[in-house]
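Here is a brief report on a single protein chain. Look at its fold first, then at its aromatic rings.

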Amino acid sequence: MITASNIRLRPPPGHPVVAEEAWRRGLPSAWRDAVVAPLWFRRFEDYEAAASRRVGYDEDGLPCWCDYRYRLEALRSDDGEDFYAETLYAESGRSWRLRDGRWLHYREVLGEEREGRGFFCLGEEAPR
């Protein structure tokens with residue numbers, strides 16, 4: 001039986017191992033030595049849902065960093081003729097796996113008030 005604990009992912013053949021510096025963005029300096037650094041990355045896009053996700057993997061092929069963005073839009077019109085997309089809700093987040101196995105999560109939500117509210121928290125699970 002294949003489970004998350006006994007499968008080891010490796011970069012796909014021909015996939016370059018890169019040091020994408022974006023994984024450090026937003027990481028508090030006090031936590032920099034406590035996180036596992038990713039060695040390679042995969043990007044997932046959903047253009048219809050205006051969503052994206054990037055995942056960084058360590059030397060064992062296990063996820064150790066995640067970055068996601070999601071935006072919900074609706075068409076609006078001031079005059080019934082010209083339409084534009086208005087963001088109703090947006091969410092973004094980043095997560096880093098700590099060396100002790102916990103995850104440091106940062107989540108920011110932009111609501112109708114147009115004010116983003118972000119916060120950090122620690123968790124036992126990887127982002128989904």
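Buried means under 20% relative accessible area, exposed over 50%, and partly exposed in between, with a 1.4 Å probe and protein chains only. The model is predicted: local features need pLDDT of at least 70, side-chain atom pairs count only at pLDDT 80 or more, and totals for chains, interfaces and linings use all residues. Residues are numbered from 1 along each chain as its sequence is written, and side-chain values use heavy atoms, with hydrogens and water left out.

The chain has six strands and zero helices (DSSP runs: E of at least two residues for strands, H or I of at least four for helices). Of its 128 residues, 28% are buried. Its accessible surface is about 8,800 Å², and carbon and sulfur atoms hold 51% of that (Shrake-Rupley method, 1.4 Å probe).

How many aromatic pairs are there? The count is four. Rings of Phe, Tyr and Trp (its six-membered ring) pair if their centres lie within 6.5 Å; planes under 30 degrees apart are stacked, over 60 edge-to-face, the rest tilted. Two of the pairs are tabulated here.

| Pair | Centre to centre | Plane angle | Class |
|---|---|---|---|
| W40 and Y57 | 4.4 Å | 20 degrees | stacked |
| Y106 and F120 | 4.8 Å | 50 degrees | tilted |

W40 sits in strand β1 (residues 40–46) and Y57 in strand β2 (residues 51–57), so their pair ties together parts 17 residues apart in sequence. W40 is buried at 4% relative accessible area. Y57 is buried too, at 7%.

Y106 belongs to strand β5 (residues 103–110) and F120 to strand β6 (residues 116–123), so this pair links parts 14 residues apart in sequence. Y106 is buried at 16%, whereas F120 is partly exposed at 39%.
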